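Here is a friendly walk through one protein model, with an eye on its charged side chains and its surface. Have the structure open as you read.

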Amino acid sequence: VGPSQQYVEESRKGHEKVVDGWRKAVEAAEKANAGGYWPVHLNDDGTITTSLPPDPNVVLDLTDGIEKSVAAATTASEAHVV
């Protein structure tokens with residue numbers, strides 16, 4: 001029953017797309033949460049807030065991180081040499 005013969009089939013396909021989109025969103029959220037990041041928070045007064053991921057321009061470049069890690073390890077090992 002509907003405006004066309006394909007109405008039920010079109011409605012079912014549309015519903016499947018929505019459900020699939022939500023499924024993918026939940027999977028992405030679970031992966032983010034497993035990594036320690038969760039963008040949605042519930043305040044004490046019941047309002048929902050979001051926290052954006054870190055700004056990629058502020059996060060260290062991988063090369064910078066490796067260099068700083070090696071420098072820290074070298075400094076620590078030199079401090080133990082007597």
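Glu 9 counts as partly exposed, at 34% relative accessibility (buried means under 20% relative accessible area, exposed over 50%, partly exposed in between, with a 1.4 Å probe and protein chains only). This is a predicted model, where local features need pLDDT of at least 70, side-chain atom pairs count only at pLDDT 80 or more, and totals for chains, interfaces and linings use all residues. Residues are numbered from 1 along each chain as its sequence is written, and side-chain values use heavy atoms, leaving out hydrogens and water.

The side chain of Glu 9 meets that of Arg 12 in a salt bridge, that is, a side-chain nitrogen of Lys or Arg within 4 Å of a carboxyl oxygen of Asp or Glu. The whole structure has 4 salt bridges, among them these:

| Pair | N to O distance |
|---|---|
| Glu 9 and Arg 12 | 2.4 Å |
| Glu 16 and Arg 12 | 2.5 Å |
| Lys 24 and Asp 20 | 3.4 Å |

Glu 9 and Arg 12 both lie in helix α1, 3 residues apart; Glu 16 and Arg 12 are 4 residues apart in helix α1. Arg 12 is partly exposed at 39% relative accessibility. Lys 24 and Asp 20 also both lie in helix α1, 4 residues apart, about one turn of the helix. Salt bridges that share partners join Glu 9, Arg 12 and Glu 16 into one network.

How confident is the predictor? The mean pLDDT (the predictor's confidence in each residue, from 0 to 100) is 78 for the protein, and 79% of its residues reach 70 or more.

Conventions
Helices (H or I, at least four residues) and strands (E, at least two) are DSSP runs, numbered from the N terminus.
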